[in-house]
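Welcome to this guided tour. Please open your viewer and get ready to select a few things as we go.

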Amino acid sequence: MNVFDRNINFDALFKFSQISHSTQLHLKNVYSSLAACMLVAAAGSYVHVVTRLIQGGLLSALGSLAMMVWLSMTPHSPETERKRLAILAGFAFLTGLGLGPTLDFVIAVNPSIIVTAFMGTSVIFVCFTLSALYAKRRSYLFLGGTLMSGLSLLFLMSLFNVFFGSVMLFKAHMYLGLLIMCGFVLFDTQLIIEKAENGDKDYVWQCVELFLDFITIFRKLMVILAMNDKEKKKERK
């Protein structure tokens, strides 16, 4: 029998038997909102990089944080759904705007890094998301404590590097941070599933969690690739 004659059952490939039908519908809302957030964030980055009408920086970071706090304080209900989606869009726009300074740095090094980093982030995010969806339920929730300890370690490394200014420590921070955020994709995805199975259908806030995972991975991957590219250019000279 010719192996190439076999038919691939794509329906079975994307069938998650351990996840209830209502939760699968909920996940569709989460990832649809996430896709919309990506487009709005791209628009925010475009405003900074191309139009220069508004510059990302401290104010955009504070505005993004304020939007996130406002969203968390607005209760989830059918009556507030449109309002919360509007707040989510504002949060995504300001987050994309806040990427502006990093994008400026990367463009000065090599503009093609942005596309490479985005594609790399997309592959990482999709692979770890599928791993969480196909894995046994709650199997990655044990990572919570380890990931929070990792964030504490990253904070301490940043604090120490304020005084030492070590390039090696900064690189270690970037690589370790990238690894931790990949873990958060696994953890957050399974946590969202468990919340949905237990009746928490707040897809807007759960979209924020995944959106922050994606943006953080993208930012760190851009910086890592840009630093590596700069080092290669120095070696050639």
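What percentage of the 237 residues in the protein chain do buried residues make up? Buried residues make up 41% of them, where buried means under 20% relative accessible area, exposed over 50%, and partly exposed in between (1.4 Å probe, protein chains only).

A word on what you are viewing: this is a predicted model, in which local features need pLDDT of at least 70, side-chain atom pairs count only at pLDDT 80 or more, and totals for chains, interfaces and linings use all residues. Residues are numbered from 1 along each chain as its sequence is written, and side-chain values use heavy atoms, with hydrogens and water left out.

**Stop 1: the whole chain.** Show the cartoon: you will find nine helices and zero strands (DSSP runs, H or I of at least four residues for helices and E of at least two for strands, numbered from the N terminus). The C-alpha trace spans about 55 × 55 × 35 Å along its principal axes.

**Stop 2: helix H3.** Select residues 58-73, which are helix H3. Its 16 residues should span 22 Å at 1.5 Å a residue, and the 23 Å between its end C-alpha atoms agrees with that (the expected span is 1.5 Å times one less than the number of residues). Now colour Ser60, Ser64 and Leu71, the buried residues of H3. They lie on the same side of H3, because they cover an arc of only 45° around the axis (taken from the directions from the helix axis to the C-beta atoms). Helix H4 (81-98) and helix H9 (203-236) are included in what covers the buried residues of H3.

**Stop 3: the largest nonpolar core.** Select Leu34, Leu88 and Phe211, the residues with the most contacts inside this core of 51 residues. Such a core is a set of buried Ala, Val, Leu, Ile, Met, Phe, Trp, Tyr and Cys residues joined through side-chain atoms within 4.5 Å. H9 gives the most to this core, with 16 residues. Zoom in on Leu34: not counting residues up to four places away in sequence, Leu34 touches Phe125, Cys207, Leu210 and Phe211 (contact means heavy atoms within 4.5 Å).
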